[in-house]
Amino acid sequence: MASVASVSLLSEAEFGCEHLATQLTPAGTTADQFKSAFIKTHNALSPRPKPTELPSKQSASVRASALLRPKYTCLTCAEMCTDVGRKAHAQQTGHSFYMESRNRALFCQSCEDLIYDHGLERLRSSTSDSALKVAQKRRFSESSADELYVRSNANKRTCAKQGVRGLFNLGQTCYLNVILQTLLHDPILNTYFLGNGHQPHDCTVSDCVGCAVAEAFADFNSSDKAEGFAALSLLMASWRASSSLAGYHQQDAHEYYQFLVDKLHASTDGHQEDHEKGCSCFFHKTFYGKLRSSVTCDKCGNVTRTEDPMVDLSLDVQVQAKKRAMGRAGPSCLPTLSGCLESFTSPEKLMAGVYNCSGCGDTPQKATKQLRIKKLPAILCMQLKRYEHTFSVSEKLEGRIDFPLSINMLPYTTNPQPRVDKSRYMYDLLSAVVHKGKLDAGHYLVYCRQGDQWMCFNDDQVTPVSEADVLKADAYLLFYNIRSLAGAPQ
């Protein structure tokens, strides 16, 4: 959609040039007289000389020359000039504006160039009588009918059918559908794939997952069909790339997201396989962050730090659920995303035998371990671990975990500055993946933001929902987008 800012830019370029502005802005009859002369000259000129206007005995070469050589009609005195004659006429009379005979374009002698003015161009489409009735030139402003027209008709896909499209289930492929829908609704990835970030016709990788995702973006954004479509190429490429994914079996959406991110990273030219060496490719900057682990010896205070790449955060919901069951939290208190993040980044006591301290001669010591986020990705995936596996049983934690539409990630980072700009760490909810059913038999659906509206994607079935519906969902995966790429922490 066109923004108010973009419309304001149009109003700044209201006139073709500064010299024309002096003719059209003064109050009184000056502007009306100029418009009248413009329309009168426009209507008097033909797009090209008629054959009957040329002397019948002229040679073909002279006739062609006459057709191609432009003439310039002075809007002030209606004198017709050649290119050279126009310059002399302007010097003698001070008349600055002329209409060129071939396409009736406006020429400014002061600029020595053809100029375009959208207000005068609107007069061209009017009849001579109605155009002369136009009084003052209407300014293009945010409150004008022009702004309302632009807002109602402008969109990012001018040649495509508007709306949202579901994805057909190809046989237990709901895990793929929810992750792909999340990517399709991400503005960062839309900019990349719709801007030819990955070009399949130049790719030499066989069964490239990046090519398959690019094809899905093209299908989703370019098709005139309103019904769902099948991401068959992506499914086949995934099966060929991973034997564990091949076949019509239940798969975990979180594991598929990790697989897809890894394959997208590998599909980029010049990427670094070793994440510790640093990689400047688009997908690494978009999906990968960095996690710092600090272990402090309780005896000597020695600190050992390690940093590892992260593509998501796996947050233990069971910890809060157990605290609530033990009465350490209110019985009506829901587990929260912020509580999960606090537990994830809180210090954890390590018993002796787990950690050998180098400051104590590599002897086993009690220590305290803490995880913090060193670097945040542009697209932040958070898994709410609803599954608990023991030797005897595997179970799923049912129930809602409270999560916000926006979240400040600064408290969970290694940034020690108390007065840092918090807006650089703000993230907005992009999608929420929900798993319904049991561990061995279930189904995925996803809530995605489409502009200002939320949609529920249940394979090829698409339903509009409210923000309240999204926030009440029993989310399994949450995807957040950084609010401002310009201020994103490095």
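Modeller: Two strands pair if DSSP finds at least two bridges between them. Strands (E, at least two residues) and helices (H or I, at least four) are DSSP runs, numbered from the N terminus. Here, strand β1 (residues 72-74) and strand β3 (residues 97-100) pair in the antiparallel sense over three bridges. Thr 73 faces Met 99 of β3 in that pair.

Colleague: Before we go on, what sort of model is this?

Modeller: A predicted model, where local features need pLDDT of at least 70, side-chain atom pairs count only at pLDDT 80 or more, and totals for chains, interfaces and linings use all residues. Numbering runs from 1 along each chain as its sequence is written, and side-chain values use heavy atoms, leaving out hydrogens and water.

Colleague: OK. In what order do the strands of the five-stranded sheet run?

Modeller: β2-β1-β3-β4-β5, an open sheet with antiparallel pairing. At its edges you find β2 (80-81) and β5 (113-115); each has a single partner strand, so one side of each lacks a neighbour in the sheet. Helix α3 (residues 30-44) packs on this sheet and touches β1, β3 and β4 (106-108); touching, or contact, means heavy atoms within 4.5 Å.

Colleague: And which strands stand at the edges of the other sheet?

Modeller: The open sheet of four strands goes β7-β6-β10-β9, again with antiparallel pairing. Its edges are β7 (303-310) and β9, each with a single partner strand, so one side of each has no neighbour in the sheet. Strand β6 (residues 289-297) pairs with β7 over eight bridges, and Leu 291 sits opposite Asp 308 in β7.

Colleague: How many residues lie between β9 and β10 in their hairpin?

Modeller: Five, and Gly 361 in the turn has a positive phi of about 75°. β9 (residues 348-357) and β10 (residues 363-375) pair over six bridges in the antiparallel sense, with Cys 357 opposite Thr 363.

Colleague: Is Asn 356 buried, partly exposed or exposed?

Modeller: Buried means under 20% relative accessible area and exposed over 50%, with partly exposed in between (1.4 Å probe, protein chains only). Asn 356, in strand β9, comes out at 45%, so partly exposed. Leaving aside residues up to four places away in sequence, Asn 356 touches Asp 362, Thr 363 and Pro 364.

Colleague: Now the inside. Which residues touch the most other members of the largest nonpolar core?

Modeller: A core is a set of buried Ala, Val, Leu, Ile, Met, Phe, Trp, Tyr and Cys residues joined through side-chain atoms within 4.5 Å. The largest here has 92 residues, and Leu 234, Phe 287, Leu 313, Leu 337 and Met 409 touch the most other members. Helix α9 (residues 174-184) gives the most to this core, with eight residues. Not counting residues up to four places away in sequence, the contacts of Leu 234 include Leu 176, Leu 180, Tyr 256 and Leu 260.

Key. Axes are lines fitted to C-alpha atoms, for helices over the stretch in contact, and angles run from 0 to 180 degrees between N-to-C directions.
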